[in-house]
Amino acid sequence: MTYLSTFSSGMTGTITRRSAAWLRGVLGLAAVALITHTARAQCMHWEAAGFPTSAGDSNASSVYDMGTGPQLFVTVEHWIYRWTGSTWAFVDQAYFDDLVTTMCGYDDGQGPALYAGGYFTHSLWTGGAMSHLAMMRAGTNTWVNIGFPSSNQNEHAVDMKVFDDGSGPQLYVTGDPTMGVFQNSPGIVRWNGSVWSGVGGGIPGAARVGFLQVFDDGSGAKLYATAAFPFGAGFISSVWRWNVNSWSQVGGDFTVSGPAGAVLGQMEVFDSGNGPRLYVCGIFSLAGSVSANGIASWDGTLWEALPGVPSAPQAIIGALLTHDDGTGPALYSYCLGGPPAVSGLTRWDGHQRTPCGSAGAASSFESFDDGQGGGPALWAVGSGSLVGGNLYSPHVARWYGACQHTIDPMCFGDGTFAFCPCSNFGSSLHGCGNSAAPAGALLSASGTTVPDTLVLSSSSEPFGATTIFLQSSEIPYPRWLGGGILCLGADAAHTSAQPSSAPRKRHESATSRSHSARRNSAIRSSRLGALLPGLVPRSQQLHRGPDNVSNGLRVVW
């Protein structure tokens, strides 16, 4: 692998022994604002998803195959949109009189259909009744009221999940206790495609049934549900399991100090290498008798706290998802506030917790590959507009956690990878902003590695500065340099230095098959030797006057 970079300098002409020694001295600094990232984080970044509006709140998302391949659906207030791979399209007739709060795909034997639940009671598109739950069959573009069983027009569906308890797949729906009263099943009912039925009389005494998840603790797949119960001025919460004929609580109650009480959020299944566990998040400090701050796991017998999560301050964790970014599955969580170890988006692989930056105000995650070449991404959906601390992306943003291609951009100054030294964030995928271009310098590539036609291009750097192209084959050691972030290893060496007589420069990459590049790369040749297949060099562009750095590139030869 090669790591590539460009640096713009106030120097003119070619690199000299003196300037090369200065460069090695800068790269050798061991304590220049070290940024803690591992090798797998080289290409970690957020990308804006281009959602068409910043108004309102986004409350739900779902990935479902309506017969033409998986699609990503997202709700905003009263509307539903889908991602086409390049833009957002309004889902036909998906315009309701109140909030859409949950979505789920379900095939009742008559073909795939998307179900939407929420506070709504009517369709503003047709004017017809839509009692909290509506269904759109694939290929019809028409929403149908399926007669949601409710005696209270002010309640709403909280969550939906498809589960087969032995009687065939059915759609389970949770909500307020007045939901399901006609089936003698307060708070939870199920739909088989034609009729509603109760689920064991509901969870006894629950003020609300919340989120659902399917989990197999070794005794067969079971449906699990969170439930809240009145306790003083607030609530205590617990997790319950459906045993085909009845509900039973698993573990003890979830509690927290303070008047509001404990609230449970989403559940997710993740195997960290010791067998699958059921994870639950929310606002709590105790899971049964175990001290756990906002997130805990169930192995079928006991609740356990997640290692590395401090006991204070109080964490408010509201979204969970198991996602494979190309380096193996991991559990992603979103925390609003709380200790630094869990705040924002974090990744837990079973051994260590990696911070991934701010995720706005995420309420749900989806793992989805839109087929556009970027690979699987973690899509964060919520009401926020800034991700990574700086990138504007209202309602929806996508997170890429690993390098997956022959040529990958890396080491960004847009705030999604690390903070720029002077809060001088650049544009998405650029380096940190500079005096000539607030967007920051951009290092890009054209051509291929096989055959060797790769050309690096640098743009948006100060006019009149000297550009230095750098590369390294060692794992990057990110640090601040001037006003930018340098992500090259200790073996970094220049491959070309060019006066900036124009605002854009081009440089052929240094490979064992490029004579012109090797001719300008004496330091690289002597320190790195010829690049061989299997090496992954990294490169960046550096410029001085003032000092700054572009984004980087990672190339697999």
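A residue is termed buried when its relative accessible area is under 20%, exposed when over 50% and partly exposed in between (1.4 Å probe, protein chains only). The structure described here is a predicted model, in which local features need pLDDT of at least 70 and side-chain atom pairs count only at pLDDT 80 or more, whereas totals for chains, interfaces and linings use all residues. Residues are numbered from 1 along each chain as its sequence is written, and side-chain values use heavy atoms, with hydrogens and water left out.

The cysteines are considered first. With a disulfide taken as a pair of cysteine sulfur atoms within 2.5 Å, the structure holds 2 disulfides. One of them joins cysteine 411 to cysteine 487, with an S to S distance of 1.9 Å, and this link of cysteine 411 and cysteine 487 is right-handed, with 65° about the S-S bond. Strands (E, at least two residues) and helices (H or I, at least four) are DSSP runs numbered from the N terminus. Because cysteine 411 lies in the loop between β34 (407-410) and β35 (442-446) and cysteine 487 in the loop between β39 (484-486) and β40 (493-499), the pair ties together parts that are 76 residues apart in sequence. Cysteine 411 and cysteine 487 are both buried.

The other disulfide is formed by cysteine 420 and cysteine 432, whose sulfur atoms are 2.1 Å apart. The torsion about the S-S bond of cysteine 420 and cysteine 432 is about -95°, so this disulfide is left-handed. Cysteine 420 and cysteine 432 each lie in the loop between β34 and β35, 12 residues apart, and both are buried. Cysteine 281, by contrast, is in no disulfide, and the nearest cysteine sulfur, that of cysteine 335, is 9.6 Å away; cysteine 281 counts as buried, at 0% relative accessibility. Cysteine 335 is likewise in no disulfide, and with a relative accessible area of 2% cysteine 335 is buried.

The aromatic residues were examined next. Rings of Phe, Tyr and Trp (its six-membered ring) are paired if their centres lie within 6.5 Å, and planes under 30 degrees apart count as stacked, over 60 as edge-to-face and the rest as tilted. On this basis, a search of the whole structure finds 22 aromatic pairs. Among them is the pair of phenylalanine 51 and tyrosine 81, which is edge-to-face, with 5.1 Å centre to centre and 70° between the planes. Since phenylalanine 51 lies in the loop between β2 (45-48) and β3 (61-65) and tyrosine 81 in strand β5 (residues 79-83), the pair ties together parts that are 30 residues apart in sequence. Phenylalanine 51 counts as buried at 6% relative accessibility, and tyrosine 81 counts as buried at 14%. Phe51 and Tyr81 also belong to one aromatic cluster, together with Trp83, Trp88, Phe90, Trp125, Phe368 and Trp379.

Strand pairing, which requires that DSSP finds at least two bridges between two strands, gives an open sheet of 4 strands in the order β2-β33-β30-β29, with antiparallel pairing. Strands β2 and β29 (362-368) stand at the edges, each with a single partner strand, so one side of each is left without a neighbour in the sheet. Strand β29 pairs with strand β30 (residues 377-382) in the antiparallel sense over 6 bridges, and phenylalanine 365 stands opposite alanine 380 in β30.
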